[in-house]
Amino acid sequence: ARETELVMDYLCGKWNGPAYLRLTRQNLPDLFPNAEKVGAKWEPTKITKLKDSASGRKKIAVFATGAATAEAMKAAELLDSGSGLSMAVYNVHCLKPFDSAGTVAAVKDADLVMTVEDHSVIGGLGSCVAETLSGLEKHPKLVKLGIQDEFGQSGEPDELYDLYGISGRKIAESAKKRFG
């Protein structure tokens, strides 16, 4: 709810031109306290860090958007308890203009990059991150989680997130699989 307020204030007060805003009907947790814990703040058209990775572990930079951001935070919690992996989680509330500079900075010392979206992986967040990484001489492997090139299903969000591999548990499993 807070992010929606901030985006609407920005779009109505400062943005010039057309805009598209995608909202959900789900009841989602307030993730802003997480950003405050790591010293981040919401800025229009910039990614927001929600969680730092733990030192001494393999770092996974996770970029998530919309309702999938809460699932990425659940995955980070699962990995923090007992695995040798740790996720830095970034909320991406704006795909155009895309925060390429913030993305490059976020992946700088990552061992893996993941995108998580409750949307098609074609033409969404994963594509924005892939285009940004393609401009680098060297970058970590990118894994795009979301609806692959197929028709979507109808159902409850929890069931669909599990089906498409974007529930907290499935995201954590996917990360573990990449590291054996």
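**Salt bridges in the predicted model**

Start with D52: its relative accessible area is 37%, so it is partly exposed. Partly exposed sits between buried, under 20% relative accessible area, and exposed, over 50%, using a 1.4 Å probe and protein chains only.

Some ground rules. This is a predicted model, where local features need pLDDT of at least 70, side-chain atom pairs count only at pLDDT 80 or more, and totals for chains, interfaces and linings use all residues. Residues are numbered from 1 along each chain as its sequence is written, and side-chain values use heavy atoms, with hydrogens and water left out.

Back to D52. It pairs with K49 in a salt bridge, with the closest N and O atoms 2.6 Å apart. By salt bridge I mean a side-chain nitrogen of Lys or Arg within 4 Å of a carboxyl oxygen of Asp or Glu. K49 is partly exposed too, at 26% relative accessibility.

How many salt bridges are there in the whole structure? The search finds nine.

Next, D118 and R22. Their side chains form a salt bridge, 3.3 Å from N to O. D118 is in strand β4, residues 112-120, and R22 is in the loop between α1 (2-13) and α2 (32-37), so this pair ties together parts 96 residues apart in sequence. Helices (H or I, at least four residues) and strands (E, at least two) are DSSP runs, numbered from the N terminus. Buried or exposed? D118 is buried, at 16% relative accessible area. R22 is partly exposed, at 47%.

Last pair: E173 and R169, 2.9 Å between the closest N and O atoms of their salt bridge. Both sit in helix α7, residues 168-178, four residues apart, or about one helical turn. Finally, shared partners join K51, R57 and D80 into one salt-bridge network.
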